[in-house]
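Here's a quick tour of one model, with a helix pair, a loop residue and the packing inside. Have a look at it before reading on.

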Amino acid sequence: MLIRKAKTEDSKAIAAYMLLAMEEIAYQFIGENSIEKVTQFLVNLISKEATQYSYENCWVVEIESAIIAAAIVYDGAKLLELREPVAKEIKSMFNRDFNPEDETQAGEYYIDCVGVSPYHQGKGIGSQIFQFLIDEYVYKRNETLGLLVDKDNPNAKKLYLKLRFEVVGEKTLAKKKMEHLQFRSKN
């Protein structure tokens, strides 16, 4: 298993795994229930630089040269500037305004989404990705990692707590109540 920074040519694979992670939120963003349209929307944003979902902010997991998972992580302090191209893309493609709640803020690197191929779920890949992100951002870069977990997803919360993330508050995203968790260096 190899975890590496994404490249533009990985955009289609990344979009598929992002969609698995984002589920109905992606459809809410575009206001349509079309897998083709939401996939094209995500591929457009992933393949560009300086967007919330850019390949620049993505790590991919490969097994035997096939991408089987992806994780989007970015500096929470840059949320508004990274979100601006997303809003423009939604306006251009779907003629909709885009102004969701702020899911992150300065002081943390935000794990926006992690998606694993259905064929590789249940094999510890997700845990390995999170451990990699903790090592990369917390231990190597001395940054705080943050994420949101849906209150209706106790299994995900259990995993994050097992990895030693701590609940630091609550947030709302796409009208859903979420718990905000962080992993900080103990230095």
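## How the helices cross

A crossing is called left-handed if the near helix is turned anticlockwise from the far one by less than a right angle, and right-handed if clockwise. Here, α1 passes α3 in a right-handed crossing. Helices (H or I, at least four residues) and strands (E, at least two) are DSSP runs, numbered from the N terminus.

This is a predicted model, where local features need pLDDT of at least 70 and side-chain atom pairs count only at pLDDT 80 or more, while totals for chains, interfaces and linings use all residues. Residues are numbered from 1 along each chain as its sequence is written, and side-chain values use heavy atoms, with hydrogens and water left out.

## Who touches whom

On the α1 side you'll find Ser11, Lys12, Ile14, Ala15, Met18, Leu19 and Met22, meeting Ile35, Val38, Thr39, Leu42, Val43 and Ile46 of α3 (contact means heavy atoms within 4.5 Å).

Ile14 also has other partners: setting aside neighbours within four places in sequence, it is in contact with Ala6, Ile46, Cys58, Val60, Ala70 and Ile72.

## A loop residue

Thr144 sits in the loop between α5 (125–140) and β5 (145–150). Is Thr144 buried or exposed? With 14% relative accessibility, Thr144 counts as buried (buried is under 20% relative accessible area, exposed over 50%, partly exposed in between, using a 1.4 Å probe and protein chains only). Not counting residues up to four places away in sequence, Thr144 touches Gly107, Glu108, Tyr109, Gln182, Phe183 and Arg184.
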